[in-house]
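Please have the sequence and the model in view while reading.

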Amino acid sequence: MPTDATNQPDPTETGADFRVLLQRLIRHYEDSGTDVPEVDDVLLRWAAVLPDHAPDPGWPGLARHLLDALAAPSAGLAAPAALADEPPVATSGDLRTRLRALAADYARDRAWRADRRARGEWAGDGGGWASASLAGFLESWDSWLDASLGRPPRFPGVPPVEPVTWASVAWQLGAARVYE
């Protein structure tokens with residue numbers, strides 16, 4: 001992956017800065033053609049490179065972790081499994097577990113779409129994931145942040161987007177999974 005898309009030295013101090021990073025990554029992956037990793041591969045990479053016992057990431061840490069995951073060697077594709085109970089996320093270890101569960105759920109969704117296509121059925125708006133590509137997933141994340149930054153959480157039990165904690169990162173990823 002070209003370093004110009006993922007390793008820019010520009011600071012990511014705010015949610016708006018993080019959205020700029022996501023938008024740059026979206027453009028990169030939309031233009032990349034065949035060298036685009038699957039969403040589950042990136043989630044598994046992220047789980048592999050996420051430091052143990054790290055403090056809450058803030059926007060700079062979240063950007064660094066995402067870029068580290070994108071730059072890491074392929075972790076391969078996840079084995080399909082439905083997203084089960086989602087226990088609370090409070091630590092980097094909890095987020096690692098959630099990343100692996102999301103990767104397996106994405107693989108399940110990809111298998112569902114492939115099965116539908118193999119039977120000649122439309123597989124567009126089905127499954128649990130709003131996006132079937134990395135660029136689409138990043139775009140959903142960006143759109144959700146655009147709708148959420150600076151606003152109070154809309155549902156009980158939802159952590160605020162800011163400050164960026166492991167819990168809010170887990171919520172962002174879950175929202176990006178289904179946000180259109």
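The axes of helix 3 (residues 39–49) and helix 5 come within 8 Å and cross at roughly 165°; axes here are lines fitted to C-alpha atoms, for helices over the stretch in contact, with angles running from 0 to 180 degrees between N-to-C directions. Helices (H or I, at least four residues) are DSSP runs, numbered from the N terminus. The model is predicted, with local features needing pLDDT of at least 70 and side-chain atom pairs counting only at pLDDT 80 or more, while totals for chains, interfaces and linings use all residues. Residues are numbered from 1 along each chain as its sequence is written, and side-chain values use heavy atoms, leaving out hydrogens and water.

Because angles over 145 degrees count as roughly antiparallel, helix 3 and helix 5 are roughly antiparallel to each other. Their contact (heavy atoms within 4.5 Å) involves residues of helix 3 including Leu43 and Trp46, and residues of helix 5 including Leu99 and Tyr106. The residues of this contact divide into 10 nonpolar, no polar and four charged, where Ala, Val, Leu, Ile, Met, Phe, Trp, Tyr, Cys and Pro count as nonpolar, Asp, Glu, Lys and Arg as charged, and the others, Gly among them, as polar.

Aromatic rings form a further theme. Rings of Phe, Tyr and Trp (its six-membered ring) pair if their centres lie within 6.5 Å, and planes under 30 degrees apart count as stacked, over 60 as edge-to-face and the rest as tilted. By this rule the count is six aromatic pairs, and two of them are set out here.

| Pair | Centre distance | Plane angle | Class |
|---|---|---|---|
| Phenylalanine 18 and tryptophan 59 | 5.5 Å | 35° | tilted |
| Tyrosine 106 and tryptophan 129 | 5.1 Å | 90° | edge-to-face |

Phenylalanine 18 lies in helix 2 (residues 15–31) and tryptophan 59 in helix 4 (residues 58–71), so this pair ties together parts that are 41 residues apart in sequence. Tyrosine 106 in helix 5 (residues 92–118) and tryptophan 129 in the loop between helix 5 and helix 6 (134–148) are 23 residues apart. Both phenylalanine 18 and tryptophan 59 are buried, a word that stands for under 20% relative accessible area (1.4 Å probe, protein chains only). Phe18, Trp46, Trp59, Tyr106, Trp129, Phe137 and Trp141 form one aromatic cluster.

Valine 164, in the loop between helix 6 and helix 7 (166–178), counts as buried at 4% relative accessibility. Not counting residues up to four places away in sequence, valine 164 touches Asp56, Pro57, Gly58, Trp59, Leu62 and Val169.

Terms used. Helix = DSSP H or I, 4+ residues; strand = E, 2+ residues; numbered from the N terminus. Buried < 20%, exposed > 50% of the residue type's maximum accessible area, 1.4 Å probe, protein only. Parallel < 35°, antiparallel > 145°, perpendicular 65-115°, else oblique.
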